[in-house]
Amino acid sequence: MKTALLQLNASDDPAANLIETRALLREAVAGGAEFVLTPEVTNCVSTSRSHQQAVLAYEEDDVTLAALREEAAKAGIWLLIGSLALKTRGGDGRFANRSFVISPQGEIVARYDKIHMFDVDISATETYRESAGYRPGDKAVAAETPFAKIGMSVCYDMRFPALYQALAEAGARILTMPAAFSPVTGAAHWHSLLRARAIENGCYVLAPAQTGTHASADHKTRDTYGHSLVVAPWGEVVLDAGTAPGVYFCDLDMEECDKARAKVPSLANRRPFAAP
């Protein structure tokens, strides 16, 4: 199955980002892609809560979601919108970091809210408190498609292997990990984490990523690691997009999942145990 990962350098302007995402999506379709994936926060990369309040929308009003659904229907492709930053109702007013699987008819087949929040102190000058602005989800989601069941996740989720074990045991053969990864942790851990999740579960890992320095209205810079990856079920990196924005193609052979699981049936061999 011909698949395309879009590597983006999104700003904090959803309208400008949509123009670029649409152009790359159409390039992917012209190249024959049947399944296209975009990164985390496709619509808006921003750490300013006040700016997000001004430019973000609720799911039913989000222009990016509506436009990408229309593009998927027009092209007749499957689409993973890695995630969109969206307003939520009720509660404490925090946003959702929500991933979507879109059918070739433009319908929302599945939605997943990022469970694990990136609350870290990487260095004295680089800290993140995702939970201050985003409300975590509490439900794992596996989306049914004709070619494979897709286990959905977003970025920091990849450090929590129990999530992917649950998705694989529910039948997932593709694990999606769209990201806007820190360059520091990316250089140290990105490839290792993605390969481990593929190997542990005998699944393809598809990880479209944000890349580069992201423009913002308040001139505060944020950098992301890039290196959108496709990892095969045996752990081989079959695509590494480097750091340039663009469209990156890869062919998936779902029989590779069966081959990897037959060689090392770790899912079947897993046993319950008492915690220490």
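The legends below describe close-up views of cysteines, a cavity and a pocket in a predicted model.

Figure 1. Cysteine 155 is buried, at 6% relative accessible area.

**Figure 2. Cysteine 203 and cysteine 257.** For cysteine 203, the nearest cysteine sulfur is that of cysteine 257, 5.7 Å away, and cysteine 203 is in no disulfide. Cysteine 203 has 0% relative accessibility and therefore counts as buried, the cut-off being under 20% relative accessible area.

Figure 3. A search of the whole structure gives 1 cavity of 30 Å³ or more. The largest cavity holds about 40 Å³ of space. Its lining consists of Phe118, Cys155, Tyr156, Arg159, Ala180, Phe181, Ser182 and Thr185. Sorted by class, the lining of the largest cavity comprises 5 nonpolar, 2 polar and 1 charged residues.

**Figure 4. The largest pocket.** The space in the largest pocket is about 600 Å³. Of the 32 residues that line the largest pocket, Val45, Ser46, Thr47, Tyr128 and Arg222 lie nearest its centre. Two or more lining residues come from each of α2 (49–55), β7 (127–129) and β13 (222–225). The lining of the largest pocket is made up of 11 nonpolar, 10 polar and 11 charged residues.

Methods:
Residues are numbered from 1 along each chain as its sequence is written. This is a predicted model: local features need pLDDT of at least 70, side-chain atom pairs count only at pLDDT 80 or more; totals for chains, interfaces and linings use all residues. Side-chain values use heavy atoms; hydrogens and water are left out. Buried means under 20% relative accessible area, exposed over 50%, partly exposed in between (1.4 Å probe, protein chains only). A disulfide is a pair of cysteine sulfur atoms within 2.5 Å. On a 1 Å grid over the protein atoms alone, a cavity is a set of points where a 1.4 Å probe fits but cannot get out, and a pocket is an open set with protein on both sides within 12 Å along at least five of seven lines; lining residues have an atom within 4 Å of a point. Grid points are joined across faces, edges and corners, and a volume is the space filled by probe spheres set on the points. Ala, Val, Leu, Ile, Met, Phe, Trp, Tyr, Cys and Pro count as nonpolar, Asp, Glu, Lys and Arg as charged, and the others, Gly among them, as polar. Helices (H or I, at least four residues) and strands (E, at least two) are DSSP runs, numbered from the N terminus.
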